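Have a look at the picture before reading on.

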Amino acid sequence: MYKKLFCRSILLISGGASILLAEPSVYGYRDSSTPTYDNNSYSHGRTPAKVVITQNRDNIVRLKRRIAELEERVDGLSSLVEGLSITINELQAPGRLQPASSGSSNTDNTALLKELGAMIDQINENYVSKEELQKILKSKGSYKVPVTSKKKSVPKEESLSEKSNAKLYSEGVRLFNKKRYNEAKKRFTITDTKGYKPAASNYYLGEIAYYTKKYDDAIFYFKKSAGLYDQASYIDTLLLHTGISLEKTGDKAQAKAFYENIIENYAGKKSAKIARERLKKL
């Protein structure tokens, strides 16, 4: 009996020991059934959690990089498609389809089309249709040319009699220089009549007659001017033109006397040179 109890106790003790040995020790002792691992893997072939997390993180980074590359390619393709669409729309627009030619002619045609387009727009803005014109005519009863503007009233020119002698004289000189001899003669006649610078007024009247080939009148005005004032700056020209006028009227003897007088008294001047040349031809 004691033998049986002893054997049973041994069995219980050995069974309990086996149970105890089957559980991991809190002090670090492990049974052979307890899985062991090194830095890379468990002894039973399982991957540790830290390694799995690291691998997943690397995979996520690679996927994100790939997604970014694909997005860039998609954006590039979208831009290409938009550019092609714009080109197709431009080519399909009216007036854009033209036979192939040189680049310069295409540029010229494009500029011409733009110019024509602007002209058409302007015509459309100002265009009045036939129906609209008929309505206007019916509403008005008859067509009348619209009066766009009235003639501007030109201020009446101040009459010569209202002008001062000084103004008449200055206007006469200006008109004479512009060879408007008729207008100049009117003013010098008035200044001569009124006694304003009579010598100069008669000189200009003589010059007007000389250049209009009225030589008898020229001789008359020149003699009158020289009798009033023979020290004027223009006296040598007056004498020369008097001599030429005498020559033109056939009085060569008097013309010769005037030429000789000019050569003697106004040597060095242009009038003396001309007088000498004309004297040789007499």
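**How the helices meet**

Start where α9 passes α10: the crossing is left-handed, meaning the near helix is turned anticlockwise from the far one by less than a right angle. By the way, this is a predicted model, where local features need pLDDT of at least 70 and side-chain atom pairs count only at 80 or more, while totals for chains, interfaces and linings use all residues. Residues are numbered from 1 along each chain as its sequence is written, and side-chain values use heavy atoms, without hydrogens and water.

The axes of α9 and α10 are 7 Å apart, at an angle of about 160 degrees. That makes α9 roughly antiparallel to α10, a label for angles over 145 degrees. These axes are lines fitted to C-alpha atoms over the stretch in contact, with angles running from 0 to 180 degrees between N-to-C directions. The helices themselves are DSSP runs (H or I, at least four residues), numbered from the N terminus.

Now zoom in on Leu239 of α9, one of the residues meeting α10. Beyond its neighbours within four places in sequence, Leu239 is in contact (heavy atoms within 4.5 Å) with Phe258, Asn261, Ile262 and Tyr266.

Leu239 also turns up in the largest nonpolar core, which has 36 residues, among those with the most contacts inside it. Such a core is a set of buried (under 20% relative accessible area, 1.4 Å probe, protein chains only) Ala, Val, Leu, Ile, Met, Phe, Trp, Tyr and Cys residues joined through side-chain atoms within 4.5 Å. The top giver to this core is α7, with eight residues.

Terms used: Buried < 20%, exposed > 50% of the residue type's maximum accessible area, 1.4 Å probe, protein only. Helix = DSSP H or I, 4+ residues; strand = E, 2+ residues; numbered from the N terminus. Parallel < 35°, antiparallel > 145°, perpendicular 65-115°, else oblique.
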